[in-house]
Every structure is written in structure tokens, then in C-alpha cells.
Amino acid sequence: MDRRPPKTTSDEIDLYIRTYYSLLRTSGDVRVRSFEETHLYSNSSLHVDARSQKVDLGAFAYAAARLPACMISVTRVVLGQSTDQFERAGFPVTTYQRVRARGRRRLMKWDGGETLAVYITSASDIDDIIPILTAYQIEWNKMNLLLSHGSGGKTPGKALSIGDDGVEKLTRAFDGGIDAGLAAITERRSNRVVRLLDGSHREYRRTARHWWNAIEAELPDDAQVYFVSSNSHSLPNLLGGYVRENRKTLDDFVLEKDPEGLAEELKLAKSRGDQAMESSIYYYALRSFLAQSSELADQVKAHDKKVGIISVQSVGGVDVDAQVIALSSLDPDLFDPRLLGITKEELKNSKSVIVNIDYPLGMGAYHHLAEMSLGADLRGIYIMGKAATLNGRVGDVMVSEVVYDEHSKNTYVFENQFKAHDLSLILREGSVLDHQKAVTVRSAFLQNHEYMSVFYQEGYTVLEMEAGPYLSALYEMVSPKRHPTNEIVRLNSLLDLEVGVIHYASDTPYSRRQELLSKSMSFFGVDATYASAIAIINRIFEREKQG
């Protein structure tokens with residue numbers, strides 16, 4: 001039984017956080033090199049070779065995947081909470097080009113030259129972007145030194161001592177534009193600057209309110225809401241039936257284009273009559289299929305809307321899309337066959353809707369659920385997301401009943417609606433680990449071996465970024481006061497709605513042998529992702545059957 005919160009002992013991480021927040025109070029630019037010393041001595045587990053002359057390609061690739069490709073040209077990064085803020089500060093972002101990163105959903109706009117405007121929706125964006133920029137610059141300058149002084153006509157692989165595998169990783173880091181990336185690194189050292197326009201709690205809440213208003217406008221009157229925080233594809237794929245109705249088209253695409261070598265896997269699944277594997281291949285290949293043209297993506301949205309799944313694009317500075325799914329409009333004939341049997345008759349009189357959102361980053365989860373709770377009649381809250389595991393393997397699924405939140409310093413104890421048996425028959429590759437304890441961390445870079453050892457000794461095995469803020473918002477939904485700090489909070493006696501939290505392992509930070517954090521989830525990750533989503537939908541259907 002948890003009787004006291006765990007005590008972290010990483011003074012280096014605390015010093016790093018205090019340093020960048022104090023520096024960012026200035027009204028002017030701050031040089032990224034001002035953060036480098038505390039970054040170097042934070043001993044980040046994600047940047048193990050920070051103090052070495054050796055290039056840490058893992059850290060660079062992780063950072064580069066969370067920055068846009070134009071970063072090689074950018075010398076100034078401006079952080080702000082709204083378009084009005086940017087405009088008042090002299091940055092006409094309405095004329096800028098929107099740019100995206102492969103590994104992070106965040107609204108970013110580029111002026112086509114040296115300035116990148118980054119929208120922040122919570123303090124977690126600051127905790128995320130500052131270490132990313134700092135790691136990116138440290139490794140950039142290591143490579144600059146090696147490439148511009150003494151490469152002597154060597155190939156980049158030899159000059160950087162990274163071998164063929166390292167060149168491949170660097171190619172992925174630059175999203176295929178390795179020649180332009182290496183040319184930029186060779187030409188100049190990085191001396192980037194960053195500026196924070198504002199970071200007020202009030203503006204965070206205002207941004208969340210605009211986001212929720214757009215979703216609320218799509219809700220039927222007196223709707224009962226199941227809130228799901230997952231991703232933008234799993235629930236629509238499982239419920240909407242686009243894949244099932246377009247199997248022949250997707251068959252031809254996979255067999256002809258062979259994305260990531262899936263053609264043979266599909267043939268094998270068909271020969272075995274393995275419908276679950278076929279579906280997983282189609283779901284994964286759909287992303288590549290839709291990337292061929294925007295018209296295809298529009299077709300999917302039109303199909304989904306026709307069957308009761310309404311897409312709501314994020315507004316303002318928030319990059320968190322949503323779907324409003326009216327259960328009464330769904331057609332069970334279109335469902336993935338692994339879903340719990342429920343009839344159209346059982347659904348047609350339902351007043352319930354699923355509001356599914358693309359999971360926010362860190363404290364963004366708190367602001368989104370807090371705002372949503374003011375305008376929605378909630379029946380259940382279900383959270384699904386990536387996590388690092390200290391005791392499992394990539395592809396495992398973890399079900400926690402204790403969450404320590406680094407933001408509030410609270411330890412939340414609650415009854416998780418899900419147990420191992422809810423997922424074990426669906427998950428094909430990994431293991432289901434229930435009765436786990438999770439830590440909500442501030443940032444992937446803001447962890448070191450000492451930090452993780454403290455939690456591991458206390459029995460915490462799951463490292464993630466959203467559950468703690470969600471539970472803080474949940475506490476405020478059922479309590480007459482704001483969430484406390486540095487306390488054991490037992491939610492069971494307070495709750496009048498159910499809560500389910502599922503994480504799938506994408507990283508094993510203790511071993512570095514398997515990690516998906518420095519690249520997008522591969523086909524291997526589809527199994528855990530969809531098993532988690534199926535368990536959530538099945539639980540919602542069970543609730544509907546119960547009335």
C-alpha cells in the first residue's frame with residue numbers, strides 16, 4: 001500500500017528545469033547555449049553521450065524527429081500561446097507557412113527564412129521543446145567540428161565515425177534530406193536563440209476553451225459522453241468500416257507498393273485465414289495509402305461522417321484533433337470482428353457519444369479535460385497512450401492502478417477499469433501487465449538513471465506523460481477544491497464515473513536495445529495499439545448493454 005509519495009533525488013534535473021524557466025523570463029532572445037551546461041550535467045538517459053566528443057545519433061535523431069525539416073535553416077525559435085501574441089510581438093504568423101514534425105503534433109509556422117514560431121498549449125511544451133533544441137544544437141556542433149575540420153575528403157559516415165547504420169539513422173533524422181542537412185551542419189555552427197512571448201495559465205485555459213467549443217458544437221442535446229484519449233485513427237478504423245468496405249483497393253495497394261515489406265505478411269495472413277492480422281495490415285497501410293492524395297483522406301472523412309463519426313479539426317494554437325461518434329448512428333455490420341457483439345437495436349436508442357481525441361502532451365491533458373468537464377455529462381474516462389517500461393518489452397501493454405504525477409507531486413491511487421483479461425485474448429505479440437505503477441514525467445529528456453532507479457526501487461515501472469494531469473483534472477471534477485500537491489490521493493471514494501488507463505510500451509530506457517521513441521511506431525506497434533483500443537470500445541459497449 002502506498003503511504004507516502006516517492007522521493008526523487010535528481011538535483012541535476014531540478015537545476016536544469018529552474019535554469020531554463022528563469023532564463024526564459026526575459027523579454028528578449030535567449031541563446032540556446034545558455035542551457036547547454038545544465039543539460040550536459042543532467043545526465044539525461046536519452047542523451048547518454050552528451051558530454052562525449054562522440055556524436056550521439058540517438059539523441060539527435062530523437063530531437064530532429066520532433067522538429068520540422070526546415071530546422072536546418074532556422075536560427076530563431078519563438079514560443080507563444082496564440083496568434084494574437086505573435087502578431088503583437090511583430091511576428092506576422094498568418095503569413096507564415098505551416099510546417100510539421102514527424103514525431104510530435106505541435107502547431108508550428110515558418111517564415112521561410114530563419115524564424116520558426118511554435119505554439120505552446122501548456123508548460124509541458126516548454127519542458128519538451130527546450131531540451132530538444134539544446135540536444136539538437138549540442139550534437140549539431142559536434143558534427144560541425146568533425147565535418148568542417150579534418151574530414152579530409154572522407155565520407156560523412158567515416159568523418160563522423162558512425163558507420164552505415166549511423167548514416168541510415170541520420171538520413172531518417174533529416175527525413176530523407178541528408179545532403180542538405182549535412183551541408184548546413186558543415187557550413188556553420190549552431191548558435192540558435194529562443195524567445196518565450198508568454199506562458200500564462202490563463203491563456204492556456206483560454207486556448208483549451210476555444211478547442212472544446214468546436215467539439216461541443218457537434219454534440220447532440222443531452223448527450224452522455226464517453227471520453228477517450230487515444231489517437232485519431234484507431235477508433236474510426238475499428239468502428240467506421242472504411243477498411244472493410246475497401247479491402248480490394250487496399251489489397252491492391254499493399255501487394256503493389258509493398259509498404260515496409262507487408263505484401264508477404266498479407267499473403268501469409270490470407271493463406272491462413274487470419275482476419276485479425278489482415279485487418280492490422282490494412283489499418284497500418286491505410287496511412288501510406290491516404291498519403292497519396294488529400295482527396296483520399298477527404299473520402300475517408302466523408303465515409304466516417306456518413307456512418308456517424310464526425311471529425312473535428314483543432315482550432316487556435318492546439319493541434320489535438322477529435323472525433324464525435326454517436327453510438328446510435330453506428331452500424332455493427334461495419335465493425336472490426338474483434339469487437340464485442342452488440343446489435344443495431346441495442347445502439348439505436350442510445351443517447352451516448354464517444355468523444356475521442358488525439359492525446360495531448362503532458363499538462364495539455366489537464367487543461368483539455370478540465371474544460372471539457374464544464375460542458376459534458378461524462379459517463380467514463382478512458383486513457384490510452386505510449387509509455388516507456390522499466391520491466392517489460394516494446395509491444396507490451398501495461399495497466400496501472402497507481403500514478404505518481406511529477407507536475408503536482410501527487411500519488412493518485414484509483415481503480416483501473418481494465419485488467420489483464422480484457423486484453424490478453426486480443427494482444428498477439430506482447431504481454432499484458434496489470435497492477436502496475438506509473439510515473440507521469442515532465443519530458444523524455446528530463447530523466448536520468450538515478451531518477452528512474454528511485455522509482456524502480458519503489459515499484460514504479462511505467463513512464464508516461466498524460467495520466468497524472470488527467471487525474472488532476474478528474475480530482476477537480478469530483479472535489480470542491482483544486483487538486484492538492486505532494487499527497488497520496490485516493491480517488492476511489494470520490495468517483496461516480498469509471499476510469500480506465502492503458503499504456504503500450506514504446507521504449508525500454510534501461511536497456512536501449514529496443515526503442516520506438518526515435519522513430520514512428522512501426523507495424524510491430526499496431527498490435528498493442530489496436531488491442532488497447534478494442535478493449536476500450538468493448539468496455540463502452542458493455543456499459544451500453546447494462547443501460
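Trainee: How are α2 and α5 oriented to each other, roughly parallel or roughly perpendicular?

Mentor: This model is predicted. Angles of 65 to 115 degrees count as roughly perpendicular. The axes of α2 (residues 33-40) and α5 cross at roughly 90° and come within 9 Å, and therefore the two helices are roughly perpendicular to each other.

Trainee: Which residues make the contact of α2 with α5?

Mentor: From α2, the contact is made by Arg33, Phe35, Glu36, His39 and Leu40; α5 contributes Ile130, Pro131, Thr134, Ala135, Gln137 and Ile138. By class, six residues of this contact are nonpolar, three polar and two charged.

Trainee: Which residues of α9 are buried?

Mentor: The general idea comes from helix geometry: with 3.6 residues a turn, residues three or four places apart in an α-helix point the same way. In α9 (residues 201-216), the buried residues are Glu203, Tyr204, Arg205, Thr207, Ala208, Trp211, Trp212 and Ile215. Elements that cover them include the helices α4 (83-88), α5 (123-148) and α17 (364-373), together with the strands β8 (309-312), β9 (322-326) and β10 (352-358).

Trainee: What does α9 reach from its first C-alpha to its last?

Mentor: The 16 residues of α9 reach 22 Å, close to the 22 Å expected at 1.5 Å a residue.

Trainee: Why does Met452 count as buried?

Mentor: Buried means under 20% relative accessible area. Met452 counts as buried because its relative accessibility is 1%. The residue lies in helix α18 (residues 449-457), and its C-alpha atom is separated by 8.8 Å from that of Leu463, eleven residues apart along the chain.

Note on methods:
Residues are numbered from 1 along each chain as its sequence is written. This is a predicted model: local features need pLDDT of at least 70, side-chain atom pairs count only at pLDDT 80 or more; totals for chains, interfaces and linings use all residues. Side-chain values use heavy atoms; hydrogens and water are left out. Helices (H or I, at least four residues) and strands (E, at least two) are DSSP runs, numbered from the N terminus. Buried means under 20% relative accessible area, exposed over 50%, partly exposed in between (1.4 Å probe, protein chains only). The expected span of a helix is 1.5 Å times one less than its number of residues. Contact means heavy atoms within 4.5 Å. Axes are lines fitted to C-alpha atoms, for helices over the stretch in contact, and angles run from 0 to 180 degrees between N-to-C directions. Angles under 35 degrees count as roughly parallel, over 145 as roughly antiparallel, 65 to 115 as roughly perpendicular and the rest as oblique. Ala, Val, Leu, Ile, Met, Phe, Trp, Tyr, Cys and Pro count as nonpolar, Asp, Glu, Lys and Arg as charged, and the others, Gly among them, as polar.
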